[in-house]
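Hi everyone, thanks for coming. Let me put the structure up, and then we'll walk through it together.

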Amino acid sequence: MRLQFNSRLFHLLATMWLGFGGVACSYVNAVSQTNIPRQRHKIVRAHTSRFMVLGFNFDNDYPYPLINQLKSQCANGQVRGLLTKDITTLYFLMFFWSREQFAEGYCVADQSAKVASEERSESTNAMPLAQDNTERDDVPTEDVEILEP
Amino acid sequence: MSKLIFLATWLLAGCVTVDSISVSQVPAQDARKKIVKASASRPVILLIPFGTSFVEEARKDLQAQCPNGDIEGLVSKQESVAYPFVSISRLNLRGYCVEKDSKSSKAT
């Protein structure tokens, strides 16, 4: 009776373990979220991954392409409201792993660059061109009235 | 009877651990009027999880509470609550909803 129970228990556990090992189970390792902007029209996403055998991994450079992926989707703006997620997915009997990083954010028009360019254009219209410190004989030193063309 | 009480205590106790935490830039005092919170979780039964989409769900809930403002000073906390044979993976998000009026008044 005891041997039969142990055998049954063993088969049950083995079946559960094999069933668990046959599917891909994903675990969230880390999550981070930055300030979320009010302009949430354009979503940009990036994804990197590393496939490992028995957990052997010899460098951690695989998340870096995330930045270039996001930049390529938002060339003329800022990526804000970034949600990053680090996941481990286990395959067959945990012999094979996949470490994945997801990043999702919003591409917002670059307001700071826009304001800076507007300020530059305003300053160019209001003031004459700046002169260097070299002394020149042909340049008058008193105030010069700028005539409209 | 004492064994039953001990077993019940063991089964109902939940140990909580923080897996990850992040904090973003905190706005000025004037802008910290409206607090928004969101939380989402997923069970892990016998080490078998049921998806990772709860992270996006929590963010969506948070954004729904502040549709016309910036959400700043975000604290994101990912934690696990462990019970016998079952654990709960939970994400808590908490931040300040900064509306346009509060920003403009801060600027002037």
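Let's begin at Met52(A): which residue is its bridge partner in S4(A)? That partner is Trp97(A). The two strands involved, S2(A) and S4(A), run antiparallel and share eleven bridges. Do keep in mind that we're looking at a predicted model here.

Now zoom out to the whole sheet in chain A. Four strands form an open sheet in the order S1-S3-S4-S2, paired antiparallel. Which strands stand at the edges? They are S1 and S2 of chain A, the latter spanning 43-53, and each has a single partner strand, so one side of each has no neighbour in the sheet. From one strand to the next, the twist averages 20°.

Two helices lie across this sheet, and they come from two chains. Helix H2 of chain A, residues 65-73, lies across S2, S3 and S4 of chain A, at about 155° to S2(A). Helix H2 of chain B, residues 54-64, lies across S1, S3 and S4 of chain A, and its angle to S3(A) is about 150°.

That brings us to the contact between the chains. Chain A puts in 23 residues and chain B puts in 34 residues. Together they bury about 2400 Å², with 52% of that on carbon and sulfur atoms. How many salt bridges link chain A and chain B? There are three. One of them joins Lys85(A) to Glu56(B), with 3.0 Å from N to O.

S1(A) has the largest share, nine residues. By type, the touching side of chain A has twelve nonpolar, seven polar and four charged residues.

Last stop, the strands of chain B. S5(B), residues 86-98, pairs antiparallel with S2(B), residues 34-45, over twelve bridges; in that pairing Pro43(B) is bridged to Ile88(B). S5(B) also pairs antiparallel with S4(B), residues 70-83, again over twelve bridges, and there Ile71(B) has Cys97(B) as its bridge partner. The hairpin of S4(B) and S5(B) has two residues between its strands, and Phe85(B) takes a positive phi near 70° in it.

That's my tour, so over to you for questions!

Methods. Residues are numbered from 1 along each chain as its sequence is written. Chains are lettered from A and ligands numbered from 1 in the order in which they are written. This is a predicted model: local features need pLDDT of at least 70, side-chain atom pairs count only at pLDDT 80 or more; totals for chains, interfaces and linings use all residues. Side-chain values use heavy atoms; hydrogens and water are left out. Contact means heavy atoms within 4.5 Å. Buried area is the accessible area (1.4 Å probe) that two parts lose on being put together, summed over both. A salt bridge is a side-chain nitrogen of Lys or Arg within 4 Å of a carboxyl oxygen of Asp or Glu. Ala, Val, Leu, Ile, Met, Phe, Trp, Tyr, Cys and Pro count as nonpolar, Asp, Glu, Lys and Arg as charged, and the others, Gly among them, as polar. Two strands pair if DSSP finds at least two bridges between them. Axes are lines fitted to C-alpha atoms, for helices over the stretch in contact, and angles run from 0 to 180 degrees between N-to-C directions.
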